Amino acid sequence: MSKLEIRDLHVSVENNPIIKGFNLVMQGGEVHAIMGPNGTGKSTLAYAVMGHPRYEITRGDILLDGQSVLEMAPDERSRAGIFLAFQYPVSIPGVTVANFLRTAMNARRRHAHLPQEEISILEFRKLLKSKMDLIKMEYSFGGRYLNEGFSGGEKKRTEALQLALLEPSFAILDETDSGLDIDAVRIVSEGVNAIRGPKMGVMVITHYQRILNYLKPDFVHVLFDGRIVESGGQQLALQLEEHGYDWIRDKHGENLIA
Ligand code: ADP
Ligand code: MG
């Protein structure tokens with residue numbers, strides 16, 4: 001079973017410390033929710049785990065199955081099994097969803113040194129359709145340019161399709177629910193649940209608890225001022241829904257006075 005371990009992580013953006021001592025151990029198959037007010041460092045954490053060059057790790061370590069990933073480039077981390085669904089997915093005019101996904105899959109197969117490195121187009125089409133069925137996506141999306149003119153829900157569903165095809169060990173979903181109406185949140189969550197399986201670990205980053213009604217996390221953590229200040233079960237998310245983040249600020253805000 002895979003394990004993702006984040007140890008005493010400190011991350012700076014343009015010399016501003018944002019993440020200040022973040023610790024988390026995630027086992028494959030577990031769903032961890034990271035909640036917190038806006039601007040508290042949730043996306044910074046996600047980018048740092050993925051290896052975005054702008055997010056400088058000044059202290060601590062990130063280990064995948066006991067191996068530090070800090071020296072690995074983002075594409076190596078992705079091939080090693082870490083997947084990030086962006087809060088704001090980019091569009092790539094001229095590249096179809098199907099071509100993009102086939103390229104990503106082939107890159108991974110080459111890395112894994114599979115005997116047949118390139119998946120045949122026929123085989124890929126079959127696989128793509130089966131994954132599209134899984135997340136209830138229309139086949140016509142395969143022929144559209146990546147994210148070009150997609151609605152918020154369609155972009156997120158496309159990320160879920162990518163997740164289904166690449167089958168990472170750990171998926172980080174950064175505000176997959178933001179800007180979606182409740183039906184879209186449900187559809188995307190059902191998609192993630194369908195592909196989750198017993199092995200994939202999921203870190204779901206969210207400001208609101210509504211997506212957690214569907215994804216049902218095993219653990220809920222509150223990120224505040226760059227570190228986890230509260231951990232619990234789904235009850236903690238409901239408490240945040242009811243009382244907002246003010247009690248977190250009241251309880252932990254003294255950290256901000258430096
Ligand atoms: P969250 O996702 O929790 O809303 P972010 O991680 O996006 O929070 O942001 C945390 C803090 O880091 C904010 O004060 C934000 O302005 C700053 N920050 C994040 N990314 C950048 C960046 N690329 N350049 C400058 N500041 C950034
Ligand atoms: Mg964010």
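This is a predicted model: local features need pLDDT of at least 70, side-chain atom pairs count only at pLDDT 80 or more; totals for chains, interfaces and linings use all residues.
Trainee: What makes strand 6 and strand 9 partners?
Mentor: Two strands pair if DSSP finds at least two bridges between them. Strand 6 and strand 9 (residues 170-174) have four bridges and run in the parallel sense, so they meet that rule. Within this part of the model, Phe83 stands opposite Ala171 in strand 9. Strands themselves are DSSP runs of E with at least two residues, helices are runs of H or I with at least four, and both are numbered from the N terminus.

Trainee: Why do strand 6 and strand 12 stand at the edges?
Mentor: Their open sheet has six strands in the order 6-9-10-3-11-12, with mixed pairing. Strand 6 and strand 12 (227-232) each have a single partner strand, so one side of each is left without a neighbour in the sheet. The twist averages 20° from one strand to the next.

Trainee: How do you know that strand 1 and strand 4 pair?
Mentor: Eight bridges join strand 1 (residues 3-13) to strand 4 (residues 55-64), and the two run antiparallel. His10 stands opposite Arg59 in strand 4. These strands belong to an open sheet of four, with the order 2-1-4-5 and antiparallel pairing. Its edge strands are strand 2 (16-27) and strand 5 (67-68), each of which pairs on one side only.

Trainee: Why are helix 5 and helix 6 called roughly parallel?
Mentor: Angles run from 0 to 180 degrees between N-to-C directions, using axes fitted to C-alpha atoms, for helices over the stretch in contact. Angles under 35 degrees count as roughly parallel, over 145 as roughly antiparallel, 65 to 115 as roughly perpendicular and the rest as oblique. Helix 5 and helix 6 pack at about 0°, with their axes 10 Å apart, and are therefore roughly parallel to each other.

Trainee: Which residues of helix 5 and helix 6 make the contact?
Mentor: Contact means heavy atoms within 4.5 Å. Among the residues involved are Ala160 and Leu163 of helix 5 and Ile187 and Val188 of helix 6.

Trainee: What makes a space a pocket rather than a cavity?
Mentor: On a 1 Å grid over the protein atoms alone, a 1.4 Å probe fits in a cavity but cannot get out, while a pocket is an open set with protein on both sides within 12 Å along at least five of seven lines; lining residues have an atom within 4 Å of a point. Of its 26 lining residues, the closest to the centre are Ser78, Leu84, Phe86, Phe100 and Gln162.

Definitions and conventions:
Residues are numbered from 1 along each chain as its sequence is written. Chains are lettered from A and ligands numbered from 1 in the order in which they are written. Side-chain values use heavy atoms; hydrogens and water are left out.
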